[in-house]
Amino acid sequence: MLATILGAPKSIQLPTNIPSAQDFLDFFNKKVEAVRKEIGQGPATTLLHPTTTTLNCFQPYTEVGIAKVITAAPSKSCELDPMPTDILKQFLPVLLPYITKMCNASLREGILPTSQRSAIVTPRMKKAGSDSADVRNYRPISNLTFMSKVVERLVCRQLVAYREQNGLLPDLQSAYRRCLSLLDLSAAFDTVDHDILIDRLYHAFGYRDQVLSWITSFITGRTQRVRVGGQYSTNSAVHYGVPLGAY
């Protein structure tokens with residue numbers, strides 16, 4: 001009963017021949033390295049033109065604004081959370097002043113705390129009926145802390161508003177626009193080069209100062225470990241890629 005209230009990881013019946021947590025971690029890391037090697041390490045090119053507009057800082061949020069984001073978010077929890085999301089929402093009137101100060105401090109200082117840059121990865125079968133002993137038949141599902149996703153939503157709203165107001169969304173971009181389709185590329189999010197991304201955000205989108213600092217903090221210095229049942233892999237640094245969007 002106490003474990004349920006505190007949101008302890010649930011015990012799931014797994015196939016007896018499933019690979020170990022460390023096997024999964026090693027495979028996922030090697031896959032990213034293999035894809036990056038295949039696409040080459042030549043100089044990056046871009047069709048995006050430099051922008052004359054800049055976004056230097058984030059606007060602070062009110063308690064009302066942050067409460068709306070929290071209550072609208074799915075009540076999913078991560079075992080790295082200090083408390084289950086359901087309980088946080090239940091006691092939100094009491095916790096909201098502190099949460100608001102923490103979120104605004106993150107935006108003001110341009111940094112996402114290290115504690116919010118870790119992920120617990122759960123392998124999921126790509127297709128039912130596949131060989132459960134083959135690591136290639138699994139995809140990694142990262143579980144992040146609830147508060148890191150809340151702050152991400154707060155940042156995302158201001159970044160999207162800035163890009164829309166200044167016409168900075170490329171005309172040919174279809175991904176992450178409503179009512180448009182997209183081309184799925186293997187491990188696209190997992191192989192993003194951080195230096196190239198930061199450089200493009202600076203020149204093509206005009207992100208500066210605290211804004212660029214927060215984004216840099218968000219994508220770098222991340223760690224992950226795989227969980228299979230009650231077994232964990234070692235902790236591994238994430239050198240490439242970006243977390244999937246909170247939306």
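Begin by selecting Tyr 207 and Trp 214: of the 36 residues in the largest nonpolar core, these two touch the most other members. The model on the screen is a predicted one.

Next, colour the helices that build this core. Helix H3 (63–72), helix H5 (92–109), helix H6 (146–165), H7 and helix H8 (209–219) each supply at least two of its residues. H6 gives the largest share, with eight residues. As general background, nonpolar side chains in soluble globular proteins tend to be buried together.

Remain with Tyr 207 and display its surroundings. Setting aside neighbours within four places in sequence, Tyr 207 is in contact with Leu 55, Leu 159, Tyr 162, Arg 163, Leu 201, Tyr 202, Leu 212 and Ile 215.

The tour now turns to the strands. Select S3, residues 222–228. Five of its seven residues are buried, so the strand is largely enclosed by the rest of the structure.

Which strand pairs with S3 in the parallel sense? Strand S1 (residues 118–125) does, over four bridges. To view one of the bridge pairs, select Ile 120 together with its partner in S3, Arg 225.

Strand S5 (residues 236–238) runs antiparallel to S3, and three bridges join them. Here the pair to select is Gln 224 and its bridge partner in S5, Ser 236.

Strand S4 (residues 231–232) is also antiparallel to S3, joined to it by two bridges. Val 228 stands opposite Gln 231 of S4. Between S3 and S4 there are two residues, and the two strands form a hairpin. Select Gly 229 in the turn, where phi is positive, at about 65 degrees.

Return to Ser 236, in strand S5. Is Ser 236 buried or exposed? Ser 236 has a relative accessible area of 13%, which falls under the 20% limit, and so counts as buried. Show its side chain with that of Asn 29: a polar contact of 3.2 Å joins the two. Leaving out neighbours within four places in sequence, the residues in contact with Ser 236 are Leu 25, Asn 29, Arg 222, Thr 223 and Gln 224.

His 194 is buried, with a relative accessible area of 8%. Its side chain reaches the backbone oxygen of His 239 at 3.4 Å. With neighbours within four places in sequence left aside, His 194 is in contact with Ile 219, Thr 220, Val 238, His 239, Tyr 240 and Gly 241.

The last stop is an open space. The second largest pocket holds about 370 Å³. To find the pocket, select Pro 82, Ile 99, Met 102, Gln 116 and Met 147, the closest to its centre of the 19 residues that line it. Which elements give two or more residues to the lining of this pocket? They are H5 and H6. H5 provides the largest share of the lining, six residues.

Methods: Residues are numbered from 1 along each chain as its sequence is written. This is a predicted model: local features need pLDDT of at least 70, side-chain atom pairs count only at pLDDT 80 or more; totals for chains, interfaces and linings use all residues. Side-chain values use heavy atoms; hydrogens and water are left out. Buried means under 20% relative accessible area, exposed over 50%, partly exposed in between (1.4 Å probe, protein chains only). Two strands pair if DSSP finds at least two bridges between them. A polar contact is a pair of N or O atoms within 3.5 Å; within protein, one must be able to donate a hydrogen and the other to accept it, and residues adjacent in sequence count only if both atoms are side-chain atoms. Contact means heavy atoms within 4.5 Å. A nonpolar core is a set of buried Ala, Val, Leu, Ile, Met, Phe, Trp, Tyr and Cys residues joined through side-chain atoms within 4.5 Å. On a 1 Å grid over the protein atoms alone, a cavity is a set of points where a 1.4 Å probe fits but cannot get out, and a pocket is an open set with protein on both sides within 12 Å along at least five of seven lines; lining residues have an atom within 4 Å of a point. Grid points are joined across faces, edges and corners, and a volume is the space filled by probe spheres set on the points.
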